[in-house]
Amino acid sequence: MTWFSQIRADVRCILERDPAARSAWEVLTCYPGLHAVVLHRLAHACWVRGLCWLGRFISHCTRFLTGIEIHPGATVGNRVFFDHAMGVVVGETAVIGDDCTIYQGVTLGGTSLYKGTKRHPTLGRGVIVGAGAQVLGGFAVGDGAKIGSNAVVTKPVPAGATAVGNPARIILAEQDARREEAAAKMGFSAYGVTKGDDPWARAMQGLIDNACGHEHQIAMLWKAVEALQSLADRNSCVPSDATLQEHQDIERLGRFLSE
């Protein structure tokens, strides 16, 4: 991809993701996130060619002009959108995948002081990092993951998951989907409370999880009853006191479950 085609792709992605963007000319002239990405590519090119001072100087000037500090050694993918992004800091060994969106006040930082190690995080494709989030350490954030505003993330985030809070808790999309489905069966939606810290919301999460577990256990009991019923039917051709007693027990269990 040529330099101009990269800029065109960056402008298109901003027009798609930011409803406030009204024209390509406005994006080119008034969006510091775009300016920071374009200047970072120049600084990174100097860095990888051994012109480290020049790369750092370009990065320093970019920080002064845009309020976004990206170390020239960091790797930034295509169609990365720094939205507003004042106060964003990206460390030397950080890797930002294609199609990521990063809001203001985000730090992709490190916790290690050893040179030559992977000290900063790696963001997969399509990751969204909310305002004020701190992602600290040399771990990976999976494709399509979301990091909530002001979250402090110090451990890997699976693909498609959401990390919220300080310290960050990982919320898996599949678990949330199961809760939502179970809540819909009960006649209400748990949307908007499953990700909160409210104690009542957490109590509801526990109730929904218990209901899901009980439903699964009842289904397994029914399967066992049906298997015993078929066995009793096969043994009914040779009646005995034990067989009759077993048959009566099965009927009582079936009536109990159906109540």
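Predicted model: local features only at pLDDT ≥ 70, side-chain atom pairs only at ≥ 80, totals over all residues.

Biologist: Fine. What does the accessible surface of the chain come to?

Modeller: About 15000 Å², and carbon and sulfur atoms account for 61% of that.

Biologist: And how much of the chain is buried?

Modeller: Of the 259 residues, 38% are buried.

Biologist: How many helices and strands are there?

Modeller: The chain has seven helices and 15 strands. As for contacts with a separation of 6 or more, 33% of them link residues 24 or more positions apart.

Biologist: Let's do helices. At what angle do α1 and α3 cross?

Modeller: Roughly 155°, with the axes of α1 (residues 3-17) and α3 (residues 32-48) coming within 11 Å. Angles over 145 degrees count as roughly antiparallel, so that is the label for α1 and α3. The crossing is right-handed.

Biologist: Which residues of α1 and α3 make the contact?

Modeller: From α1 you have Trp-3, Gln-6, Ile-7, Asp-10, Val-11 and Ile-14, and from α3 there are Leu-34, Val-37, Val-38 and Arg-41.

Biologist: How far apart are the axes of α3 and α4?

Modeller: They are 7 Å apart, and α3 packs on α4 (residues 52-66) at about 170°. That makes α3 and α4 roughly antiparallel. On the α3 side the contact includes His-35, Leu-39, Cys-46 and Trp-47, while α4 brings in residues including Cys-52, Gly-55, Ile-58 and Thr-62.

Biologist: You mentioned Gly-55. Is Gly-55 buried or exposed?

Modeller: Buried, with a relative accessible area of 0%. Gly-55 sits in α4. Beyond its neighbours within four places in sequence, Gly-55 touches Ala-43, Cys-46 and Pro-72. Its C-alpha is 7.7 Å from that of Ala-45, ten residues away along the chain.

Biologist: OK, switching to sheets. What is the strand order in the open sheet of four strands?

Modeller: It goes β2-β5-β8-β11, and the pairing is parallel. At the edges are β2 (75-76) and β11 (140-141); each has a single partner strand, so one side of each has no neighbour in the sheet.

Biologist: How many bridges hold β2 and β5 together?

Modeller: Two, in the parallel sense, with β5 covering residues 95-96. Thr-75 stands opposite Val-95 there.

Biologist: And the open sheet with six strands, what is its order?

Modeller: That one reads β3-β6-β9-β12-β14-β15, with mixed pairing. Its edge strands are β3 (81-82) and β15 (169-171), and since each has a single partner, one side of each is left without a neighbour in the sheet. Further in, β12 (residues 146-147) and β14 (residues 162-164) pair in the parallel sense over two bridges. Ile-147 has Ala-163 in β14 as its bridge partner.

Biologist: I was also looking at Gln-134. Where does Gln-134 lie?

Modeller: In strand β10 (residues 134-136). Its relative accessibility is 23%, so Gln-134 counts as partly exposed.

Biologist: What is Gln-134 in contact with, leaving aside neighbours within four places in sequence?

Modeller: Gly-105, Thr-107, Ala-151, Val-152 and Val-153. Its C-alpha is also 9.9 Å from that of Val-88, which is 46 residues away along the chain.

Biologist: Where is Asn-150 found?

Modeller: In the loop between β12 and β13 (152-153). Asn-150 counts as exposed, at 54% relative accessibility.

Conventions:
Residues numbered from 1 in each chain as written. Heavy atoms only, no water. Buried < 20%, exposed > 50% of the residue type's maximum accessible area, 1.4 Å probe, protein only. Contact = heavy atoms within 4.5 Å. Areas by Shrake-Rupley, 256 points an atom, 1.4 Å probe, with all protein chains shown as cover. Pairing = 2+ DSSP bridges. Axes fitted to C-alpha atoms, helices over the stretch in contact; angles between N-to-C directions. Parallel < 35°, antiparallel > 145°, perpendicular 65-115°, else oblique. Left-handed = near helix turned anticlockwise from the far one by under 90°.
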